[in-house]
Amino acid sequence: QSVWGYDSDNGPDHWHENYPMAKGDKQSPIEINSKDVQHDSSLGPWHTSYDPGAAKTILNNGRTCRVVFDDTFDRSVLRGGPLTGAYRLRQLHLHWGSSDDHGSEHVIDGVKYAAELHMVHWNPKHGNFAGALKQPDGVAVVGIFLKVGKTPKPEIKRILQGIDNIKTKGKEAPFQHFDPSILFPKSRDYWTYHGSFTTPPCEECITWILLREPIEVSSDQMAQLRSLSKNSENEPMNPLVDNWRPVQPVKGRVVRSSFK
Ligand SMILES: NS(=O)(=O)c1cc(F)cc(F)c1
Ligand SMILES: [Zn+2]
């Protein structure tokens, strides 16, 4: 009975054995083909109002590195775009590859980015996060693509500094005074569609808001991300890389864009 992961014996092709939703009709990630995207002029801008004081800790759970925020009240919220009401920021995490040519979960016109950052928000009208998971409008995730380039975005350094203290599974360190909106690219253009968690339990509760403009990171910064370990301290080193799910069937869903 192996816990889910990304290895051949517990990876994405096995998840449905314990998480039946993994074979649902609205699974994520997906490939986005611009020719099939529908521009929706009614899609307004999205807005965030994040309190830097809400940031609490950064942790390595053996599957990703995650920054956790205080979501006990409407302290850091996302609103607008395809959403109704304010969604509370709960955590952010990343997915990345074993080399710079892949690692993102969503694929754009055949392009895989080196990494994908997810900012996870939930709808407080459903009481708590566990309740929100059971609702089609329960969760909203802003996805930002990370592209290896020559002018890395300085603000990404803050996350990578945090990584130095959580090299092995189970490690957690304080991560305070951090406003994740500094990571946003210049453009607010986005694609949106209805999908799921890209990890177990694969619940189909997510309104995805994927930013068209990637942010740039350096190859060294990607190497730093890949220096995280899946294993606990004193266990054999098992690099935490390729923690991305392959694209899933679109099954007739329409991806809308805020831009032409
Ligand atoms: N990767 S994801 O954004 O769909 C996601 C969100 C979440 F809240 C928990 C997870 F385990 C995974
Ligand atoms: Zn994710």
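Is Asp51 buried, exposed or partly exposed? At a relative accessibility of 27%, Asp51 counts as partly exposed, where buried means under 20% relative accessible area, exposed over 50%, and partly exposed in between, with a 1.4 Å probe and protein chains only.

Before I continue, a word on conventions. This is a predicted model, in which local features need pLDDT of at least 70 and side-chain atom pairs count only at pLDDT 80 or more, whereas totals for chains, interfaces and linings use all residues. Residues are numbered from 1 along each chain as its sequence is written, chains are lettered from A and ligands numbered from 1 in the order in which they are written, and side-chain values use heavy atoms, with hydrogens and water left out.

Let me stay with Asp51. Its partner in a salt bridge is Arg75, with the closest N and O atoms 2.8 Å apart; the term denotes a side-chain nitrogen of Lys or Arg within 4 Å of a carboxyl oxygen of Asp or Glu. Asp51 sits in the loop between strand S3 (46-49) and strand S4 (55-60), and Arg75 in the loop between strand S5 (65-69) and strand S6 (77-80), so the pair ties together parts that are 24 residues apart in sequence. Strands here are DSSP runs of type E with at least two residues, and helices are runs of H or I with at least four, numbered from the N terminus.

Arg75, partly exposed at 25% relative accessible area, also forms a salt bridge with Asp70, the closest N and O atoms being 2.9 Å apart. Asp70, at 12% relative accessibility, counts as buried. Through shared partners, Asp51, Asp70 and Arg75 are joined into one network of salt bridges.

The structure holds 13 salt bridges. Another of them is formed by the side chains of Lys35 and Asp36, at 3.3 Å from N to O. Here Lys35 is exposed, with a relative accessible area of 69%, while Asp36 is partly exposed at 47%.

I turn now to the metal site. The zinc ion, ligand 2, is coordinated at 2.0 Å by His93 (NE2), His95 (NE2) and His118 (ND1). Donors are N, O and S atoms within 2.8 Å of the metal, or 3.2 Å for Na, K and Ca; water is not among the atoms, so sites may look incomplete. Along the chain, the donors follow the spacing H-x1-H-x22-H. His95 in strand S7 (residues 87-96) and His118 in strand S9 (residues 115-122) link distant parts of the chain, 23 residues apart. His95 is buried at 2% relative accessibility, and His118 is buried at 1%.

What, then, of ligand 1? A nitrogen atom of ligand 1 lies 2.8 Å from an N or O atom in the side chain of Thr198, and a nitrogen atom of ligand 1 is 3.2 Å from a polar side-chain atom of His95. For His118, an N or O atom of the side chain is 3.3 Å from an oxygen atom of ligand 1. Taken alone, ligand 1 exposes 320 Å², of which the protein buries 92%; accessible areas come from the Shrake-Rupley method with a 1.4 Å probe, and for residues only the protein chains shown count as cover.

Finally, Val141 belongs to strand S10 (residues 139-148) and is buried, with a relative accessible area of 2%.

Note on methods:
A polar contact is a pair of N or O atoms within 3.5 Å; within protein, one must be able to donate a hydrogen and the other to accept it, and residues adjacent in sequence count only if both atoms are side-chain atoms.
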